[in-house]
Amino acid sequence: MPRRFMLISVIALMILACVGFTAIGAPKELILATTTSTRDTGLLDVLLPIFQEKTGYNVKTIAVGTGAALALGQKGEADVLLCHAPAAEMELVEAGDVINRQLVMHNDFVIVGSPEDPAGVKGLKSALGTLEKIVDAKATFVSRADDSGTHKKELQVWNKLGFEPSGKEWYLEAGTGMANTLNIANEKLAYCLTDRGTYLSMKDRLDLEILVEGDAILLNIYHVMQVNPDKHKVVDGRGGQAFVEFMVSEEVQSIVKDFGVDKYGSPLFFPDADKSMEDLEG
Amino acid sequence: MDLIAEGVTGAFQLFISRDPEVLRIALLTLRVSGLATIIGAVIGVPFGTALSLWSYRGRRRIAGLVNTGMGLPPVVAGLWVSIFLWRTGPLGFLRIMYTPTAMVIAQTAIALPIITGFTMAGVGQLDPGIRLQMLSLGASPWQLLYILIREARLSVLASIMAGFGRVVAEVGASMMVGGNLLGQTRVLTTATSMEVSKGNFGFAIALSIILVAITYVINASLTRIQQRS
């Protein structure tokens, strides 16, 4: 008797599962693994419908930290990547996991903090000097600590300073997205390294202000790249190539140039498809 | 306080304006969690009844597994379903990762042990005499099953409510296997979580009020059915 029940249960599961399989046979789809910042600013909501109209691809955007996005590419779980951690991306290029990597755009990181500025960093020109003062003052600093592009950038600066902040009691590792991290910094009156776009989009709700900006090391550079279709047979090479070409096309680059001006008074990204890394880092 | 007021008025405005996106998110939430609960009930209620009644080898072990499964953390379900459904995974050929179907599968895995477990407990509390009486009256096994479930209907409905409550409230598995895709796999919990992370607290509060309202309406109707019988 129980065996019959189990059999019936299994059959019922199969029937009901089939009812749910409505998504099969949908139009061709492309999986884009990208960072939360491109989604949260709304840029992709503007660009993807244009791409879909042009190519017929339904793009599924998986917005995660850059570390996770690169890992999805490495596993062949995404067809195309849009990320902002050049050093980590180069490792994938060298390993042959991704191909056709192109410079798309940049914006920059800034160091924000409470107006009281306990470490006295306001107006400094150097990111290294800023962190040095924060260390000396043992001022609270909130880190993304989520292996995102922003986190990697922050670690790059710490690394250059030759200081290991992890474990210090004034160094808080949030392990969460940019906006959540800014909220934590806001509550704790702490310093924080953030991308300018997310900060601008939340500025009205925060007591934090931009204290340090403009250092070349703080550039936030986005590249698009396709996952190598020779490594995984499930990867759509044609769609990936189409997306890379789309992102560096004149049409997209001019949309990027004006994106966010109406809402924030200044652009969130600067188009760079015609430039090289050397141009940017001068 | 401003924030709460902003959220409450925001929720009202969303109700009144019938914002199509929010409507779609709310409907998808109902469809995914509803379907997962139905599948869980179709399998779990007979399975739980069978487990509580018939004695066979390994019954206790299975019951132990079911009870452990009742506490299955959604992120664990999400991770394991992902491992199978990723397109390089064993079931990748189905191409259902990041679709509502994948979310239904993950949520079913969460709801099934809860429904099975509570049904098992509820039917186990019935007077064992009923079973013998029915069998002596010549009831077929199917009739017996039907009668026992009917006798235990209060517990069975409670088990279904518990299952639905758990899956409609979970965010970890839906986020992982659904991907929170706008217009495709975004449900109320993942949308709320995303709006909080974007700092849109007002909108997040509005979404949370809608979620609680939906859960209330569903559970209130189930409770009515339960109490009427």
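1. Chain A has 13 helices and 10 strands. The model is predicted. Along the principal axes, the C-alpha atoms of chain A fill a box of roughly 75 × 55 × 40 Å.

2. Chain A has 282 residues, and buried residues make up 44% of them. Now take the contacts in chain A with a separation of 6 or more. Residues 24 or more positions apart account for 74% of these.

3. Domain 1 covers 29-107 + 220-281, and domain 2 covers 108-218. Taken over C-alpha atoms, the centres of the two domains are separated by 25 Å.

4. How many residues does each domain of chain A bring to the contact? Domain 1 gives 18 residues, and domain 2 gives 18 residues. On the domain 1 side, α2 (36-40), α4 (66-75) and β4 (98-113) of chain A each supply at least two residues. α2(A) gives the most to that side, with 3 residues. By class, the domain 1 side that touches domain 2 has 5 nonpolar, 11 polar and 2 charged residues.

5. Turn to chain B. Helix α1 (residues 2-17) and helix α11 (residues 201-228) of chain B have axes that come within 7 Å. These axes cross at roughly 60 degrees, and α1(B) and α11(B) are therefore oblique to each other. The crossing is right-handed.

6. Which residues of α1(B) and α11(B) meet? From α1(B), they include Leu3(B), Ile4(B), Val8(B), Ala11(B) and Leu14(B). From α11(B), they include Phe201(B), Phe203(B), Ile205(B), Ile209(B) and Ile210(B). Glu6(B), Gly7(B) and Gly10(B) in α1(B) also take part, as does Gly202(B) in α11(B). The residues of this contact divide into 11 nonpolar, 3 polar and 1 charged.

7. α5(B) passes α8(B) in a right-handed crossing.

8. The α5(B) side of this pair includes Gln107(B), Ile110(B), Ile114(B), Ile115(B), Phe118(B) and Thr119(B). The α8(B) side includes Ser155(B), Val156(B), Ser159(B), Ile160(B), Arg166(B) and Val167(B). By class, the contact of α5(B) with α8(B) has 11 nonpolar, 6 polar and 1 charged residues.

How values were computed. Residues numbered from 1 in each chain as written. Chains lettered and ligands numbered in written order. Predicted model: local features only at pLDDT ≥ 70, side-chain atom pairs only at ≥ 80, totals over all residues. Domains from an automatic or database assignment. Contact = placed C-beta atoms within 7 Å. Helix = DSSP H or I, 4+ residues; strand = E, 2+ residues; numbered from the N terminus. Nonpolar A, V, L, I, M, F, W, Y, C, P; charged D, E, K, R; others polar. Axes fitted to C-alpha atoms, helices over the stretch in contact; angles between N-to-C directions. Parallel < 35°, antiparallel > 145°, perpendicular 65-115°, else oblique. Left-handed = near helix turned anticlockwise from the far one by under 90°. Buried ≥ 20, exposed ≤ 12 C-beta atoms within 10 Å, placed from the backbone.
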